[in-house]
Amino acid sequence: MSTRDVTDATFESDVLKSEKTIMVDFWAPWCGPCRAVSPILDQIATENSDKIDIVKINVDDNPETAMKYQITSIPAMKVFKGGEVVKTVIGAKPKPALEADLAEFLA
Amino acid sequence: MRQVIIIGSGPAGYTAAIYAARANLAPLVIASSVEFGGELMKTTEVENFPGFPEGVMGPDLMTKMQQQAERFGAEIVYDDVTALELDGPVRAVTLGNGDRHEAHAVIYATGSAYRKLGLPDEDRLSGYGVSWCATCDGAFFRQKTVAVVGGGDSAMEEATFLTRFADKVYLIHRSETFRASAAMLDRAKADPKIEFVTNAAVQHIYGGELVTGVGIVDTETGDERTLDVSGVFIAIGADPRTHLVHGALELTEQGTIAVEGRSSRTSVAGVFAAGDVVDPTYKQAITAAGSGCAAALDAQHYLEGLGDNVRQTAEPVSA
């Protein structure tokens, strides 16, 4: 499965209540590094669909969630387990570096 | 084996690709996995690139250059170079995915990397208020107070851009003189939201989870004080990205790759360099593009000198 979009309205049901480990990519269309990392997240999502869901939230359209999680830099990728943030990765990184950051969730 | 591999995808890399492709050299461009398009991907309006009287968005300009290179047969790979072998007639480039590509000539156009302040909490708070990209992160500082550190064009651009969101922007600079162009300095100085703090060096970045302030010292009196800010945007210049060629190519005293005169020829025949990685002075998109053009022409000349057997082994241009 590739990535899909979540919103302020669906964040609780899609992310906080997810039974599976889920990573949220906070992004915006005007952010060059976000656009750069997006296809890499699609690949990681597809290759690890049995272990982790990856979703994207547009911070322009969904300011409430971005504010709640005190986002000050994007792309910001937060891994949620049982409704809690268990890992934050900030900034666009090459695929091997992202996989290393997320190793414990991809194993 | 390829004729030429171009490493880098900023204005220098893509211009080299356009010229090399049009010369039927079927270049392979290693564009980087997440920094393709180079520094202009992190800018907004570019107002000084000739041919765009109304200005052009940095990422749009880079997409156009990419498309122009592809139109003439350049092949672009979005990955990072992990190892380079430049000596000998066959140059080899190894990528993050493990692929290895070989070529007769290499054009090295990797640009430069943002300089850090070198303060203890800078890395820890990076992404939590410390930023190198106002266009990426500025919108998260609506109605806040932020600081920009630096005295060049990029510092002025960031400060002016941040006034769209922030209530107040401190422009902190070590001296009273600025490298910034008059146009950009005047615009920043005329902005009522920007307060210039000159002769000031940043000593501390404060904050637990998020940035809360910066500690500065007056470089003349030694007086220390704290500015309460939620964001610190660092724009103190960049260093040429040469780590892949240390020991392989000669560098200048400024740390850029040494080239012969106005050419792009490095200390190794068949290896050419262009853009910010050779330029300690101008560092403009248009000067980078110009040197990328020179590198492609130099590489073309070099390949012609190798003789006809090189041409016959060239891979066909992919459709």
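Cys31(A) sits in the loop between β2 (21–27) and α2 (32–47) of chain A, where helices (H or I, at least four residues) and strands (E, at least two) are DSSP runs numbered from the N terminus. This is a predicted model, in which local features need pLDDT of at least 70, side-chain atom pairs count only at pLDDT 80 or more, and totals for chains, interfaces and linings use all residues. Residues are numbered from 1 along each chain as its sequence is written, chains are lettered from A and ligands numbered from 1 in the order in which they are written, and side-chain values use heavy atoms, with hydrogens and water left out.

Cys31(A) has a relative accessible area of 0% and is therefore buried; buried means under 20% relative accessible area, exposed over 50%, and partly exposed in between, with a 1.4 Å probe and protein chains only. Cys34(A) lies in helix α2 of chain A, and it too is buried, at 2%. An unreviewed UniProt entry gives the annotation "active site" to Cys31(A) and Cys34(A); its positions are in the numbering used here, feature names are shortened, and annotations may be inferred rather than shown by experiment.

Leaving aside neighbours within four places in sequence, Cys31(A) is in contact (heavy atoms within 4.5 Å) with Ile74(A) and Pro75(A). With the same exclusion, Cys34(A) touches Trp27(A), Ala28(A), Ile74(A) and Pro75(A). Ile74(A) and Pro75(A) are joined by a cis peptide bond, with omega about 0 degrees. Pro75(A) is found in the loop between α3 and β4 of chain A.

Ser73(A) is placed in the loop between α3 (63–68) and β4 (76–81) of chain A. With a relative accessible area of 9%, Ser73(A) counts as buried. Beyond four places in sequence, its contacts are Ile90(A), Gly127(B), Asp137(B) and Phe140(B). The side chain of Ser73(A) makes a polar contact with that of Asp137(B), at 3.0 Å. A polar contact is a pair of N or O atoms within 3.5 Å; within protein, one must be able to donate a hydrogen and the other to accept it, and residues adjacent in sequence count only if both atoms are side-chain atoms.

Phe140(B) returns in the second largest pocket, which is lined by 19 residues, with Met67(A), Ile71(A), Ala139(B), Phe140(B) and Lys144(B) nearest its centre. On a 1 Å grid over the protein atoms alone, a pocket is an open set of points where a 1.4 Å probe fits, with protein on both sides within 12 Å along at least five of seven lines, and lining residues have an atom within 4 Å of a point. The largest share of that lining, 3 residues, comes from α3(A).

In chain B, Gln143(B) lies in the loop between α3 (134–137) and β11 (145–149). Its phi is near 60 degrees, a positive value in a residue other than glycine, and Gln143(B) is exposed at 64%.

Helix α1 (residues 11–22) of chain B has 12 residues and should span 16 Å at 1.5 Å a residue, which agrees with the 16 Å between its end C-alpha atoms; the expected span is 1.5 Å times one less than the number of residues. In α1(B), 10 of its 12 residues are buried, and their cover includes β1 (2–7), β2 (28–30), α2 (58–71), β5 (75–77), β8 (100–108) and α6 (285–306) of chain B. Just after α1(B), Asn24(B) takes a positive phi of about 60 degrees. Asn24(B) is exposed, with a relative accessible area of 55%.
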